[in-house]
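I open my notebook on a new structure.

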Amino acid sequence: MEKPVFDFGMNTNRRHFLSKLSLGIGSAALGSLLVPDLFKSSAENSVNDIVAGLPHFAPKAKRVIYLFQNGAPSQFELFDHKPLLNKMFGEDLPESIRAGQRLTGMTSNQTRFPLAGSIFDFKQYGSSGAWVSELLPHTARIVDDICIIKSMNTDAINHDPALTFFQTGAQVGNRPSMGSWLSYGLGSENQNLPGFCVLLSRGKGNGQGVYSKLWTNGFLDSVHQGVQFSSGENPVLYLGDPKGMDRSERRRMLDKLAKLNQGTFEEFGDPEVTAKIEQYEMAFRMQTAVPEITDMSREPESVLKMYGPECLKPGTYAANCLLARKLSEQGVRFIQLYHQGWDGHASLPKEIAGQCMDVDQASAALVTDLKQRGLLDETLVIWGGEFGRTNFCQGKFTKEDYGRDHHPRAFTIWMAGGGIKPGLVYGETDDFGYNIIKDPVHVHDLHATILHQLGLDHERLVFKHQGRRYRLTDVAGKLVKDIIS
Amino acid sequence: MRRYLSDWKGFVLNSAFFLNGLLIFLLFFEERVVAPAWMFPIGRLHPAVLHFPLVVLLLYGFWVLIVEKEGSARWNAELADTLLLLGAFTACTAAFSGFLLSREESDASQTLQWHKWLGTGTSIGSLAWYAASKYLPAWRIPAKFVAAGFSALLLVTGHMGGNLTHGEDFLAWSPAGAYDPVPLVSIDQAVVYDHLVQPVLRQKCYACHNADKAKGGLQMQSVALLTKGGKSGMLWDTTSPDLGLMISRVHLPLEDKKHMPPKGKAQLTEEEMLLLSEWVKLGPDFTQKVNALPAQNPLSRYAAQVLGGNEAAEAYDFEAADAAKVKELNTNYRAVRHYAAGSPALFVNFYNQAVFKSGDIGDLLPLKSQIVAMDLSKMPVKDEDLKTIAQFTELRKLVLNFTDIKGNTLAELAKLPKLKELALSGTAVGRVHMEPLSRMASLQKVYVWSTAMTADELAALRQDKKIRFETGFTTDTTLTSLR
């Protein structure tokens, strides 16, 4: 190339530059006419998107009841039938299967990994022919109403991060819980009750803690926080008026208090103050709504019988299931149950049998009860723990007794109602039950699917916080289309 | 590049520059662009406009490939320059119109995305190349490579565009789309052969067993051809335990030479194998409807999985209610909600029996042409309130569980022409009150457990052909302690 020509070409003068620049600006100006909200901030857009408290598209489900089995039940004793483990009972897990995948600190120094097959029998049930263990006779009865997902997997290997991950979509704390996201995205259906309620119960098995950070609203408005219902006389603490105070007096007191709070709000503009006013108002309405819900006297005998003898004993899993149905009937968006005691590191067969006695009948009854009320179509019920358990034994190993460590790579949960395909067994693990060989479902995928059933697009349900947009599924999550009817 | 509007090439160059700037801007704000209606025709011109850059740039590429050094016979000082400039200009008009056209497409496929970016690349790339080509005469070898690259880019982009308009297999060697597409059907109308079996055969078998290839003398595209079978005879034999040729072939081990589909081809899944066997067990029957099968039949299950999602959501044809009115009628104890953003349909739930008054239902009458579902469960609703409820003529679902109704005025509900689901559980209704319900044409499901009816009466109701009576669950499982 000749240098003078090149120099000449590079010799852009001011007039030349400006004439080209004006063309560029002109094209941008014309283009800007086609982007109506160009000069609005995008935070405004994302807020407007959900401010009406309406689903993005027609929902299949209106409410969720999450029966969380805290501590991680063993899939091998309940749903994931693996005869090979019985055949190879006591033999070591082949290294080709584990392939160096991580272990917890509790088994990493074990010299042997003896395979342990379930000592409980399995049979196929329903027209789906799903395998269910003898520990769950009632669940076996409803297999044609539920969708069993055998290919769940999670990122975390220990309880706290795994639980937090399941509830909030992140292993670190302080992100909003699933129920808070739904309350934020859909609003409350019944103004007299919180949109997100939490019920706790505990079995006799080895337990793991539950803590209020699991139902936190994170950075969302405080009104979206989960409200814990406790067992005993007062399901919601401090809700009743003290002796000698009647409702009109309470009303006057609240009106005065609201006035004071309003003054503070006008002075400082802190949205937490308005949240507080709203919460007081709701508590006032809850004073009449809650007794109606906890009143079991209008429940027909047949319903009580279906949930089992424990359902009238407050604080049991069965009682919580019944309460969950009543709350859900009253329009509570998200009811989160936790049942503790599934952490079977040792004496697993004995412990899991007890746990199943606690939950089997009531879980199945809940699905049946919703179904006979015509509510199962609009209520999504989910049953499962935070991860699964290993196919090999942890600690003492005999023919009758063994323990299982944490296993995040494959475990089983089930879902029912809310537009989930009934009678489907989804996903598959290998013959050792160690790795997933078909249709894996990650926790993010489950979250995306739950939101989708409630009419929310998990990529559009966002909240801007500290300079970036957050989602329940963060930057992952893919709708599991195959399980949606 | 020193060209001004006085010279036609300068005008064209500047227009191309302008259009490319506009295009980049629009792509940058793509999600938020709302093109006005008058711009749509520009987008629709894309199929016509796109041929200009295709032809001009291919001509340019061809010319550059054969052009020789100055002074030779194949030398022309201006031709390459003119062709490239025209190519760059027409490429950006095509890209711009293509962008507008893509805004009309709601579902952006992978191909569309690629086509869009390659098209944009061609447009911007050719203009940039025009600016750069001043320093690289067309007869030099690197210029020939770039020109060849442009030709290849054009062909790929064009091929994708062709796939978009004519379908993926339009230019494929063996077009699988040569057969009629399966219409989407709901499970109620589905026919086992047409909607379950044939799609599997088409996907996994037709490629070899068609009119052109007919491997093993077998063609499968029609009922007659299937029934005829191939060289080895009939495809099925329901009297044989292995159900005949077809089913035994698909069950052979993969290594077996006679295994179908052959090793290396897309295999049948277990569900599909089950489908074929169950279908052959039916005779095979080419007209069997899915909903006429017993519920336990594996075919019903397969159909539910394949076709389950095809039920169209109900489309409501009425106008949305006044938003202010909806807001006004929402109270702490009565939730009036839209089903979803943009849906005119409303549903109503009542809460707190202590504050419920009969008038609460009547208050909603201004919204009677929008309310499609009403849940009054546990409210002290009386028989006479049904007269009010009967005025909500758009109702599809009415829940009266555990209310105080006795059933005497249930006939009022016959005035609801669209009612599909009615829940009466936990009320005092009796067998005699069910009579008027059976005359309601639209009614499909009624919940009546825990009512005044006896077990025998409920059992009789369950026999009803038209309405499904949900009579509740009675347990027959006895729980035994395991340890």
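**Two helices in chain B**

I looked up how H4(B) passes H7(B), and the crossing is left-handed (the near helix is turned anticlockwise from the far one by less than a right angle). Helices here are DSSP runs of H or I, at least four residues, and strands are runs of E, at least two, numbered from the N terminus. This is a predicted model, where local features need pLDDT of at least 70, side-chain atom pairs count only at pLDDT 80 or more, and totals for chains, interfaces and linings use all residues. Residues are numbered from 1 along each chain as its sequence is written, while chains are lettered from A and ligands numbered from 1 in the order written.

I checked the angle next. H4 (51-66) and H7 (141-166) of chain B pack at about 150°, with axes 8 Å apart. H4(B) and H7(B) are therefore roughly antiparallel (angles over 145 degrees, taken between N-to-C directions).

**Confidence**

I noted that chain B averages a pLDDT of 83 (the predictor's confidence in each residue, from 0 to 100). In chain B, 90% of the residues score at least 70. Residues 1-5 of chain B fall below 50. The model scores ipTM 0.77 and pTM 0.70.

**Where the chains touch**

I found 55 residues of chain B in contact with 56 residues of chain A (C-beta atoms, placed from the backbone, within 7 Å). Which helix gives the largest share of chain B's side? H1(B) does, with seven residues.

Definitions and conventions. Contact = placed C-beta atoms within 7 Å. Axes fitted to C-alpha atoms, helices over the stretch in contact; angles between N-to-C directions. Parallel < 35°, antiparallel > 145°, perpendicular 65-115°, else oblique.
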